[in-house]
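Could you walk me through this model in my viewer, one selection at a time? I would like to know what to pick next and what is there.

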Amino acid sequence: MKAIILAAGFGRRLRPLTDRIPKPLIAVAGHPMIAYAMAVLRAAGIRDVLINLHHFGDQIRAALGDGSAYGLSITYSEEDPILDTGGAIKKAEPFLRPGTFVAMNADTIIDLRLADVIAWHRQQRALATMVLRPDPHAARFGVIEIDTSGRIRRFLGRPQTSPSHCAPSCLRASTCSSQTCSTTCSRGASASTRSPIPPCSMRAARCSDTFSRATGASWTPTPGWPRVVASWPAPARLPQRINHIDKSRHRGLSFFSDRRRVGITIVQKSDLRVRKKDPKIALVLAGGAITGAAFKVGGLKALDDFLVNRKTTELDTYVGLSAGAVLAAALAAGISPAEMLKSLDGKSDELTRFRAFDFYSPNVREFVERPIEYVLAVGLFLPGLLGDAVRGAPGVIEDIGKRLRKYLRHPRPALMREVLVPVVEALQNRRLFPSALDYLPSGFFDNSSIERYIRRNFARARLSNDFRLLHRRTKRELYIGAMNLDSAERAIFGHDEDASVTISQAVQASTALPGFYKPARIRGIDYVDGGVRRTANIDVAIEHGADLVICYNPFRPFSNRVRTRFDRATGTYVRDGDALADSGVLTIMNQVFRTLLHSRLQYGLRQYQDDPNFRGDIIVMEPKETDRHFFQLNALAYWERLRAAQLGYVSVSESIEQNYDLIKPILERYGLTMTRREVRQGMGRMRGEDLAEASEVLFREVPRRNLSVA
């Protein structure tokens with residue numbers, strides 16, 4: 001059996017909420033409304049579902065994916081213009097055929113045992129069955145007249161008075177054959193209340209008294225009518241991931257935030273009704289190069305402004321890799337996001353200015369030495385080859401001498417060949433001609449300048465550059481990830497992990513982006529960027545006892561909505577919009593790189609969602625998928641650092657503001673209080689193009705207040 005969920009409507013009665021998000025994705029009791037309809041269908045054993053889309057349809061598609069995460073197989077039907085109920089079902093006719101199908105509204109929440117309704121429909125042999133409920137205020141919604149046998153007599157619309165023999169509709173959910181589908185829509189009906197199905201051929205099934213009590217209506221089921229009771233999981237038992245998850249693979253409920261805003265993913269496995277005693281809170285920071293790091297610092301400044309009683313420098317565990325390692329080290333040492341932002345502009349009292357040379361320090365030594373080494377290798381190749389032959393095969397010289405004397409006595413081509421063969425064989429197995437590729441520099445730049453910057457600023461601020469000593473002094477844990485180039489294994493530095501290197505050296509190892517920086521050789525081991533192995537080391541935080549993980553990943557693929565259509569006049573396909581490939585190989589690589597990092601992170605989140613042993617919570621902040629400005633920023637563009645920080649602040653501020661009611665109870669469970677006041681005061685100044693005005697908000701320190709969660 002198949003089903004159609006009607007989700008294309010504008011939801012005008014819920015404006016202004018539906019000006020930003022489709023009604024089916026608005027959360028009720030922590031879950032999007034459409035999830036309840038999907039749960040009813042799934043409980044009835046229905047797996048093939050079609051969802052029609054129009055108003056913010058791409059958000060619904062992105063949130064639900066192909067439905068595999070929910071035990072369903074979802075097909076989408078795009079409508080432009082919107083077709084209303086009858087037109088939607090008519091368009092879906094090829095999908096719904098053959099057999100019985102179910103039509104449900106995406107915004108209906110009901111404790112319905114749909115399998116009983118389907119069985120009753122078949123028993124009655126009705127052309128269509130509509131589920132109804134009694135309501136003393138039926139005239140407000142629409143009244144349907146039924147007779148004593150349950151046949152629908154008339155659709156009365158909204159009369160002035162509700163006749164006693166009418167049962168108003170609670171759910172436009174019907175089950176009927178594919179033949180009915182064709183009949184229903186063949187006359188152009190655009191709404192179920194104008195359905196051309198003869199009323200006498202339709203049956204009415206009532207909802208349970210359980211639902212009636214919930215709505216305040218009193219009703220005793222009529223004998224012979226199916227007693228429909230709740231049989232699907234209550235919201236508390238449903239998988240509890242809220243907000244955007246990967247478009248196809250992840251399980252749990254998804255609630256996609258406004259496409260114009262940053263995405264927040266929540267893997268929520270704990271019981272929010274119980275306050276966590278002595279919680280351990282971790283901040284995990286992924287990579288991002290210079291603009292991604294600045295974007296994260298701006299976002300962390302926004303998060304800092306939301307937090308009241310504990311700031312981002314007062315958490316328990318910090319985990320960083322690549323550019324995130326720089327920020328994690330600073331936060332663990334007590335350096336605030338505002339102070340880091342000041343250092344980008346040279347206005348910090350605690351840190352020296354992070355100069356362009358600190359980021360772009362040329363790999364001068366290798367660019368000078370490698371060409372010289374190559375020239376020497378080529379020049380010494382032939383002498384070395386002959387020397388190897390002489391040292392390695394003394395008998396060859398005597399053999400060649402005999403063959404040469406023979407050739408001189410009887411010079412013939414065949415004898416010359418006998419002379420050359422042992423020579424070639426002796427030389428061939430000794431050494432290869434030097435390849436220029438083997439002498440290329442291992443990177444354009446040298447990130448030892450980043451190590452020096454951190455080491456000198458830690459010393460200047462009298463902060464410990466030792467993992468163990470920092471932990472003893474601050475009681476905060478710091479973990480930095482890198483990759484051992486030779487073994488390809490992940491390396492984790494920390495007070496109870498590998499503490500043989502300093503914090504600044506660990507940051508150097510973690511930020512050695514392959515190709516851009518040469519590998520960081522520390523204590524004889526070559527390390528490269530930690531992002532090569534993992535997008536974000538969330539597992540490190542959880543393995544070290546974190547109950548709540550707040551993760552920030554700046555790399556997310558750009559959703560470039562390009563429509564392709566066939567132009568009959570020219571006989572070719574044309575695009576409405578610019579394709580990414582038209583912008584060249586760098587844009588292509590940017591998209592591919594972001595997709596790889598983002599998909600790895602989403603896969604890791606799914607593992608924690610499905611892990612029954614994980615009972616904590618994870619909040620992941622990422623850029624908005626349609627943020628063209630941030631996507632077009634060069635990740636290695638030092639000069640765009642303040643602009644990236646401004647974008648990060650605005651994105652996180654808007655995202656938390658929109659999802660405030662979802663995030664606040666999670667943070668409160670772990671003793672974190674929030675306020676919107678500080679962020680709202682600064683957002684007006686942040687939206688403009690004036691970086692000087694935006695900088696005032698970014699550089700402002702919002703003090704901590706001693707409040708606690710009851």
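Start by selecting helices α8 and α10, which cross in a left-handed manner in this predicted model.

From α8, display A294, V297, G298, L300, K301 and D304. Facing them from α10 are P337, A338, M340, L341 and L344. Colour them by type and you will find eight nonpolar residues, one polar and two charged.

Next stop: the nonpolar cores. Nonpolar side chains tend to be buried together in soluble globular proteins. The largest core here has 84 residues, and the ones with the most contacts inside it are F467, L478, F493, L548, I656 and L667. Centre the view on L478: leaving aside neighbours within four places in sequence, it is in contact with Y318, A328, A329, A332, F467, L470, F493, G494, H495 and I503. Another core, of 33 residues, lies apart from the largest one; to find it, select M33, A69, Y70 and V102, which are among its members.

Finally, colour the chain by pLDDT. The average is 77, and 78% of the residues score at least 70. Then select residues 162-202, where pLDDT stays under 50 although the model has 128 contacts beyond four places in sequence for them. Residues 206-262 are also below 50, with 185 contacts in the model beyond near neighbours in sequence. Where pLDDT is low, the predicted coordinates should not be read in detail.

Methods. Residues are numbered from 1 along each chain as its sequence is written. This is a predicted model: local features need pLDDT of at least 70, side-chain atom pairs count only at pLDDT 80 or more; totals for chains, interfaces and linings use all residues. Side-chain values use heavy atoms; hydrogens and water are left out. A nonpolar core is a set of buried Ala, Val, Leu, Ile, Met, Phe, Trp, Tyr and Cys residues joined through side-chain atoms within 4.5 Å. Buried means under 20% relative accessible area, exposed over 50%, partly exposed in between (1.4 Å probe, protein chains only). Contact means heavy atoms within 4.5 Å. A crossing is left-handed if the near helix is turned anticlockwise from the far one by less than a right angle, and right-handed if clockwise. Helices (H or I, at least four residues) and strands (E, at least two) are DSSP runs, numbered from the N terminus. Ala, Val, Leu, Ile, Met, Phe, Trp, Tyr, Cys and Pro count as nonpolar, Asp, Glu, Lys and Arg as charged, and the others, Gly among them, as polar. pLDDT is the predictor's confidence in each residue, from 0 to 100.
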